Amino acid sequence: MMKDQQFNERAHANPHDDSTEFLEAAASSPERQHLVVELKQLDSDLRASLEAVSAPEGLKQTLLDIPEGMLHPDTEVAAANDSFWRRNAQYAAGLVLAIGVLAIFMQSEANPMEGMVFSHIYSELEFLNDDTPLALAEVNTVMNSRIGSEFMQSPDMENLNINVTEDCWVDIENGVQGVHMVVQGDVGPVTIMVLPNTPVEQDIEISDSRFDGMISAMPGGTLVVVGEKEESIERFSTMLAANISW
Amino acid sequence: MASKDNDNKPVIDGTGTKKERYEKLVNAFYNDIFRYAYWLSKSRQVAEDLTQETFLRAWRALDSLQNPGAAKAWLFTILRRENARLYEKKRPVTDDIDDYSVPDTDKREPDQILEREMLQKAITELESEYRDPLLLQVIGGFSGEEIAQMLDLNNNTVMTRLFRARNKLKNKLESDDED
């Protein structure tokens, strides 16, 4: 029988849980039924509040009106003069802004992969605070299941303090799933990403205001190592590269 | 990633031209994407830009989408990345949500409008670690497992955060009622 605390947590996490276990637990007492009703009402109010926001008129059509240059990439250079822009002048400002933002990103990044790596790290900064130790065998289970590779059982790898191993969608645009790890470095946490594809053709050093890193093109995939400014990125990169069985 | 979109039938199934598949995605998801962008960014202008950027990237990468049934989760993930990228470069101005009132065409009673604004204020004041999974669950209709994959968290962590998010909202609304 589900205990009150567990029921309370599950009801709050998803009051619309329709599993038999949850429904039977809810039916076991009037108090539980009341809690579910109360939480479903909260959800209804919540949904109404969130959905009070609607997309601006014209946005859908803007999204549907793909510029001719993007429909046919070989004519992309001519997009600025395309009739799309003349026919949709009222939306042009918004699109120009979006493209401008993209252009700024592209100018400021030596390689698109650099921006993707840093975005991924900053969107998951909580990983850096996880200090739960993981065994190499657990890491290799994830590595094998996600990308069909693993780390060798070497002294270097056994001595590595690994705290996080998760799926990695840094290369989401290409639908490529990798593995995201965090290990303890000399200065602080070091992020490691292992991808089964090779979006870069040669090793690239990357950096921003906080982190330094290295994206390494390898025979079977890509290795990314990113750490604090004072961290020895090259040491990690060299050691890991020597210990991956692609 | 999720095996299907939230309802039983995927919006796209890999058939049709690229433009046809793209149009189905826009028609099905543009409003949810805009809403999610709005509550992430707290600005209509930024939300509009993020929505355009998300679909621009989706168009470019549509042929590489490996599981068309997970298109909605894919779009939401692109949006999250774009939002993170934007904040990494420059924190946008988010002034147009400061009064916690959003356009509402309903003819509601004043107390209902007040309640809605209190709830909207409470949502915006939630810490992002609690707000993000809640938005994905309520706006996106994603399951705990889908949210876990999108946020790179384990399922238990997501369920704990959803529990705390609703708990915090309830407590906040109750304390506002007492004031």
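1. Let's start where the two chains meet. In this predicted model, 48 residues of chain B are in contact with 48 residues of chain A. On the chain B side, at least two residues come from each of helix 1 (18–41), helix 2 (44–61), helix 3 (71–89), helix 4 (110–125), helix 5 (128–138), helix 6 (144–151) and helix 7 (155–178). Helix 2 of chain B gives the most, with 10 residues.

2. The side of chain B that touches chain A holds 21 nonpolar residues, 17 charged ones and 10 polar ones.

3. Now for chain B itself. Its secondary structure consists of 7 helices and 0 strands, and the order of elements from the N terminus reads α-α-α-α-α-α-α.

4. Among the contacts in chain B with a separation of 6 or more, 67% join residues 24 or more positions apart.

5. Over in chain A, one residue is worth a look while you have the structure open. A:Val37 lies in helix 3 of that chain, which spans residues 30–51. Is A:Val37 buried or exposed? A:Val37 is exposed, because 12 other C-beta atoms lie within 10 Å, and a residue counts as exposed at 12 or fewer.

Note on methods. Residues numbered from 1 in each chain as written. Chains lettered and ligands numbered in written order. Predicted model: local features only at pLDDT ≥ 70, side-chain atom pairs only at ≥ 80, totals over all residues. Helix = DSSP H or I, 4+ residues; strand = E, 2+ residues; numbered from the N terminus. Buried ≥ 20, exposed ≤ 12 C-beta atoms within 10 Å, placed from the backbone. Contact = placed C-beta atoms within 7 Å. Nonpolar A, V, L, I, M, F, W, Y, C, P; charged D, E, K, R; others polar.
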